[in-house]
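Hello,

Here is the structure I promised to hand over. Please have a look at it first, and then read on for my notes on what was found.

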Amino acid sequence: MSYGKGFPARMMRHFLVLVLFSLGTFMFTISLYPGSLDVSVQTENMAGDRRSDVVKNKGIYERQMEKRGERFARGIKLQPEEESPREYQVGRSLKKAGSRNPESQPAEGKRSYTDAVFDLDILEDPFSDNPSCPDKSELLLLILVTSAPGNVDRRKAIRSTWGNKKAGDSWRKYGDRPAPWKIVFLLGKTPENPSLNFLLEKESREHEDMLFGDYIDSYRNLTLKVLHGFKWARDECEPEFLLKTDDDCFINTPLFLKMLQEHRPYKSDFYTGSVFEGSKLAVIRDPRSKWHVSEEDHLSDFYAPYASGIGYMVSKPALEKMLDVVKLVPPFPIEDAYIGTLANKVGVVPMDSGRFSKHHGMWRTCNYLYLLVVHHVPIEDLPVTMQKVRDAPLQCRGSAVHGMWD
């Protein structure tokens with residue numbers, strides 16, 4: 001096939017016109033955006049975008065600390081020019097939490113501390129209504145559940161299953177009246193989500209079982225959340241026993257109440273759960289880890305034995321002793337290890353119990369004559385698990401409820 005003798009010449013003319021047009025467009029763009037050719041600036045901006053994506057994956061509290069060159073839990077007071085009304089409302093703990101005395105000098109290679117390094121009062125939110133408690137002299141068990149603000153469905157499922165008052169009273173009673181117990185959800189602040197805050201306020205008014213603290217709700221602030229719940233429990237409820245758990249766990253409330261009524265722990269300083277020991281007590285120093293704790297926050301390379309945060313129970317005397325030494329032990333971000341540190345400080349030894357299961361397996365109905373806490377239970381499995389709890393006393397009559405807590 002032939003295109004004719006004039007075809008190459010026409011193609012060349014078209015090509016030159018296209019090149020001249022492209023060159024003119026390019027020069028015009030440069031005149032409008034003189035910095036567009038700065039490759040180093042573009043590369044830096046791209047790297048900055050990547051860094052910002054990494055920062056977004058961190059908790060709000062940690063980002064604020066990183067911007068100020070501070071570390072978690074020191075709570076160094078901000079300079080006046082750094083403060084804003086919103087920062088004050090959503091986190092007094094960012095400014096007023098106690099810290100190690102910066103003027104103290106190490107002695108013989110060891111850091112020294114001030115007499116009081118942390119104030120529990122900073123965790124209370126003056127703008128939120130606290131839930132009420134029954135008569136302080138009658139509350140047998142208080143269950144504190146750490147929950148993320150967005151876990152609305154989880155809280156709803158808990159209220160309709162193991163957290164339901166009728167479910168908890170189904171096995172055993174004090175004479176003619178139900179055993180007194182209460183469940184409270186622990187939450188922090190969500191300053192960047194006004195619509196969620198509105199829904200949380202509505203949920204709180206409806207159920208009256210949510211305790212809000214004055215700290216940003218993040219994983220690294222879980223220690224502050226639990227300490228706030230402990231302080232509120234001691235000051236307002238004075239329960240005989242306190243159980244701390246997470247909202248992804250199942251609690252066998254009927255069995256808990258039965259055990260507490262029929263088999264009271266034999267010692268006053270009672271602290272039990274699934275206890276970590278040995279190599280599992282090593283402190284993770286790698287800052288890339290979710291569970292890292294710096295040497296500044298915890299000097300030793302190992303934690304004292306502690307019960308897993310999936311669920312642990314403490315008696316009233318043990319709770320009071322632990323809270324008394326909080327001011328002397330700076331909080332660090334691993335909540336259950338910190339509680340174990342407090343217990344060790346006051347001589348309370350955790351008792352390991354097989355009744356607190358870290359795994360959600362194919363547990364049979366009769367297993368719920370023994371199990372008290374089960375971790376990682378999906379929302380859709382809660383009703384089925386609760387039915388197994390109800391059926392256990394009827395279907396497993398040949399199996400007595402073991403009376404020991406281990």
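**What is in the chain**

The chain holds 13 helices and twelve strands; helices (H or I, at least four residues) and strands (E, at least two) are DSSP runs, numbered from the N terminus. Please keep in mind that this is a predicted model, in which local features need pLDDT of at least 70 and side-chain atom pairs count only at pLDDT 80 or more, while totals for chains, interfaces and linings use all residues. Residues are numbered from 1 along each chain as its sequence is written, and side-chain values use heavy atoms, with hydrogens and water left out.

Some totals to begin with. Of the 406 residues of the chain, 46% count as buried, where buried means under 20% relative accessible area, exposed over 50% and partly exposed in between (1.4 Å probe, protein chains only). The accessible surface comes to about 21700 Å², and 55% of that belongs to carbon and sulfur atoms; these areas come from the Shrake-Rupley method with a 1.4 Å probe, and for residues only the protein chains shown count as cover. A contact means heavy atoms within 4.5 Å. Among contacts between residues at least 6 apart in sequence, 75% join residues at least 24 apart.

**The sheet**

Seven strands make an open sheet with mixed pairing, in the order E5-E4-E1-E6-E9-E8-E10. Two strands pair if DSSP finds at least two bridges between them. At the edges are E5 (210-216) and E10 (351-352), each pairing on one side only.

Which strand is largely enclosed by the rest of the structure? That is E4, because nine of its nine residues are buried. E4 pairs with E1 in the parallel sense over six bridges, and Leu142 stands opposite Lys182 in E4. E4 also pairs with E5 in the parallel sense, over four bridges, and the bridge partner of Lys189 in E5 is Ile216.

Elsewhere in the sheet, E8 (residues 271-276) and E9 (residues 306-315) run antiparallel and are joined by five bridges. Gly273 stands opposite Tyr312 in E9. Helix H10 (residues 253-262) packs on the sheet, touching E1 (141-146), E4 (181-189), E6 (241-246) and E9, and its direction makes about 145° with that of E1. Helix H11 (residues 316-324) packs on the sheet too, touching E6, E8 and E9, with its direction at about 110° to that of E9. Axes here are lines fitted to C-alpha atoms, for helices over the stretch in contact, and angles run from 0 to 180 degrees between N-to-C directions.

**Helix pairs**

H9 (residues 222-237) packs against H11 at an angle of about 120°, with the axes 10 Å apart. That makes H9 oblique to H11, since angles under 35 degrees count as roughly parallel, over 145 as roughly antiparallel, 65 to 115 as roughly perpendicular and the rest as oblique. Phe230, Lys231 and Arg234 of H9 meet Leu319, Glu320, Leu323 and Asp324 of H11.

H6 (residues 152-160) and H8 (residues 194-207) pack at about 10°, with their axes 12 Å apart, which makes H6 roughly parallel to H8. Val152, Arg155 and Arg159 of H6 make the contact with Leu200, Glu203 and His207 of H8.

**Two loop residues**

Glu208, in the loop between H8 and E5, has a phi near 55°, a positive value in a residue other than glycine. His376 is not a glycine either, yet its phi is positive at about 60°; its place is in the loop between E12 (373-374) and H13 (382-395).

Enjoy exploring!
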